[in-house]
Amino acid sequence: MTNEFVLEAINREFPESVLSSSEPYGMLTLEIKKEDLKKVVHHLRDSSLEINFLTDITGIHYPENKEKELGVIYHLHNMKDNFRIRLKSFTQREGAEFETLTDLYAGANWMERETFDFFGIKFKGHPDLRVILNSPDLGYHPMLKEYRLEDGTRTDKDDKMFGR
């Protein structure tokens, strides 16, 4: 199975869903429309492509791009043919929500909770979407680029040592 073959198969089934494609380090990477993401993943799993293992889900934050500020990245794997694919989908920060994949992959449960915890991205239909690693009263999502680079409360640092 090749990147070209998989890209052609997806474009044939979902001609309007793929917004862009690339192959960084040889891995097929597709940007998929948010509303079509679950349909594409479902097709990849249940079609003859047999991309049946969810390796990872994570989020990404681009604060300078308001139309595509938050994104979710999925790494999927066909174990039989050792083929990997990366899917990306983006949305605005306000009301950032994607459909859950827990009904397709049981392993998505923990990964979606982790993505919610660190990026604040919600997953519609998730059976138990709550904080999993951070303190529930933390009050912010640590992977969003909204924090000060320096901790103003620290008194044990001498900035002269760091050229500041």
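Predicted model: local features only at pLDDT ≥ 70, side-chain atom pairs only at ≥ 80, totals over all residues.
The side chain of Thr-115 comes within reach of a backbone oxygen, that of Met-111, at 2.9 Å.

Where is Thr-115 found? It is in helix α3, which covers residues 108-119. Is Thr-115 buried or exposed? Its relative accessibility is 3%, and buried means under 20%, so Thr-115 counts as buried. Leaving out residues up to four places away in sequence, Thr-115 touches Ile-57, Thr-58 and Gly-59, and also Gly-120, Ile-121 and Phe-123.

Now the helix as a whole. α3 lies across β3 and β4, the latter being residues 70-78. Its direction is at about 10° to β3.

Next, the sheet. It is open, has 5 strands, and its order is β1-β2-β5-β4-β3, with mixed pairing. The edge strands are β1 and β3, residues 53-61, and each of these pairs on one side only. On average, neighbouring strands in this sheet are turned by 20° against each other, ignoring direction.

Let us take the β1 end. Strand β1, residues 18-22, is joined to β2 by 4 bridges, and the two run antiparallel. One of the pairs is Val-18 with its bridge partner in β2, Ile-32. β1 and β2 form a hairpin with 5 residues between them. In that turn, Tyr-25 has a positive phi of about 55°.

On to the next pairing. β2 is also joined by 4 bridges to β5, residues 83-91, and here the strands run parallel. A helix covers this part too: α1, residues 3-13, lies across β1, β2 and β5, and runs at about 20° to β2.

With a relative accessible area of 4%, against a limit of under 20%, Thr-29 is buried. Which residue does Thr-29 stand opposite in β5? The residue is Arg-86. The side chains of Thr-29 and Arg-86 also make a polar contact, at 2.8 Å.

Lys-88 is 59 residues away from Thr-29 along the chain, yet their C-alpha atoms are separated by 7.5 Å.

Terms used:
Residues numbered from 1 in each chain as written. Heavy atoms only, no water. Buried < 20%, exposed > 50% of the residue type's maximum accessible area, 1.4 Å probe, protein only. Polar contact = N/O pair within 3.5 Å; in protein donor to acceptor, adjacent residues only side chain to side chain. Contact = heavy atoms within 4.5 Å. Pairing = 2+ DSSP bridges. Axes fitted to C-alpha atoms, helices over the stretch in contact; angles between N-to-C directions.
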